[in-house]
Amino acid sequence: MSFGYQVLGFGSGGGPAGVTVNFFAVAGGGGGGGGTPSQTGGGGGGGGGFRTSYGTDTPGGSGTSTEAALALTKGATYTITVGGGGSPGVGTSAGTGQAATVGANSSIVGDKVQMIATGGGSGQSYFGGQGDGGSGGGGSNFSGQGGGQAIGDVVQGFDGGSGSGTGPGGQSNGGGGAAEVGGTDGRGAGGDGKTFNITGSSNTAGGGGGGSVPSGGSGTGPLGGGGNGTFSSSNPSTGGGGNSGRVILRLLTADYTSQTTGSPQVATEGDDTVLIYNGSGSYTA
C-alpha cells in the first residue's frame, strides 16, 4: 500500500484549497553492530530511507522518477518529524552485550498527507539486530546473521550486505545505502548515499555504514548515514551510532506563510522559499 501524497493539479499553487510543496526527507541511519573479540565483527548500519519529489537523484538506480509533490491544504498544520540515528551495538569478550538499534523515521503528516521515510536497519552482530530498514543493515560473520532488507511503501534505499562474512574473524558486511547495496563477503564497504539539490546546492544523504574488518570499516557521509560496525580486541567493542536525518520543504514564496515551529532554516532560491528542518517542528500552509 502506498501512503497518501496528493497533487491537486490546479496550477503552481495547487488550486483554491491546496498548496503544492516539493519535499526531501531522509530518516535516521541505523546503528553499527558491536563485535565480540575473537568471535565476530559487527555489520554496518543501513542508511536512513531517502525520499524526494525534487530533482532527479532518487533511490532505485538511474532513470527512477521522483515522487509526486505534496498538496497541502491551506490553513492546515503539518507535523514535521526528523528521525534520530540508531544506537550502537556493544560486545564484550564474555559474550554479553547489546544489539544495535534501527534509525527513527522522518515524516511529514497532516491533512491528506502521510509521507514517511523509514529509519535505516541496524548492523547485525553476535547479539542480533533488526536489519530491515529504509536501507538494510549489514550482515555479521556470525552464522545466521545475514544482511537486512530495504523496506518501505516506496523504494527508499538498498539492502545491506547479504549473507555472513567469509573472511577471518571480525570481518562483516556493509550497510545498504540510498545508491547501492552494502558490500558483501566480509569486505566491509557501506553502500553509497545519493545526492539531492532541493536547497539549490548538491548534498549527499543516506549512506550505509562500513562493516567491521580488522583495520576498521568506513561509512559514507553524515546525513542519515549508518554507523560503522566494529571489531576489536578491546573490551567492550562499541559500534558507531547512526546519524540523524533531515526534512526539507520547497514552495513558491508567494505561497509561504511563515507559520513554523521548530526553528527551521529558511532560505530563498529564485521564486521559491526553502525550509530546512534539522529537528522536529511544524508548518502551517
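**Around a buried threonine**

Guide: Thr52 is buried, with a relative accessible area of 3%. Here buried means under 20% relative accessible area, exposed over 50%, and partly exposed in between, using a 1.4 Å probe and protein chains only. The model is predicted: local features need pLDDT of at least 70 and side-chain atom pairs count only at pLDDT 80 or more, while totals for chains, interfaces and linings use all residues. Residues are numbered from 1 along each chain as its sequence is written, and side-chain values use heavy atoms, with hydrogens and water left out.

Thr52 belongs to strand β2. Strands (E, at least two residues) and helices (H or I, at least four) are DSSP runs, numbered from the N terminus. A polar atom of the Thr52 side chain lies 3.0 Å from the backbone oxygen of Phe23. A polar contact is a pair of N or O atoms within 3.5 Å; within protein, one must be able to donate a hydrogen and the other to accept it, and residues adjacent in sequence count only if both atoms are side-chain atoms.

Aromatic rings come next. Four aromatic pairs turn up when the whole structure is searched. In one of them, the rings of Phe24 and Phe50 have centres 5.3 Å apart and planes at 80 degrees, so this pair is edge-to-face. Rings of Phe, Tyr and Trp (its six-membered ring) pair if their centres lie within 6.5 Å; planes under 30 degrees apart count as stacked, over 60 as edge-to-face and the rest as tilted. The pair links distant parts of the chain, with Phe24 in strand β1 (residues 18-26) and Phe50 in strand β2 (residues 50-52), 26 residues apart. Phe24 and Phe50 are both buried.

A stacked pair is formed by Tyr256 and Tyr283, with 6.1 Å from centre to centre and 5 degrees between the planes. This pair also links distant parts of the chain: Tyr256 sits in the loop between β12 (246-252) and β13 (260-261), and Tyr283 in strand β16 (residues 281-284), 27 residues apart. Tyr283 is buried, at a relative accessible area of 1%.

Returning to the phenylalanines, Phe24 and Phe50 form one aromatic cluster together with Phe196.

In soluble globular proteins, nonpolar side chains tend to be buried together. A nonpolar core is a set of buried Ala, Val, Leu, Ile, Met, Phe, Trp, Tyr and Cys residues joined through side-chain atoms within 4.5 Å. The largest has 23 residues, and those with the most contacts inside it are Leu72, Ile108, Leu249, Tyr277 and Tyr283. Two or more of its residues come from each of β1, β3 (70-73), β4 (77-81), β8 (113-117), β12 and β15 (272-277). Of these elements, β1 gives the most, with four residues. A second, separate core of eleven residues includes Phe50, Phe196, Ala205 and Leu223.
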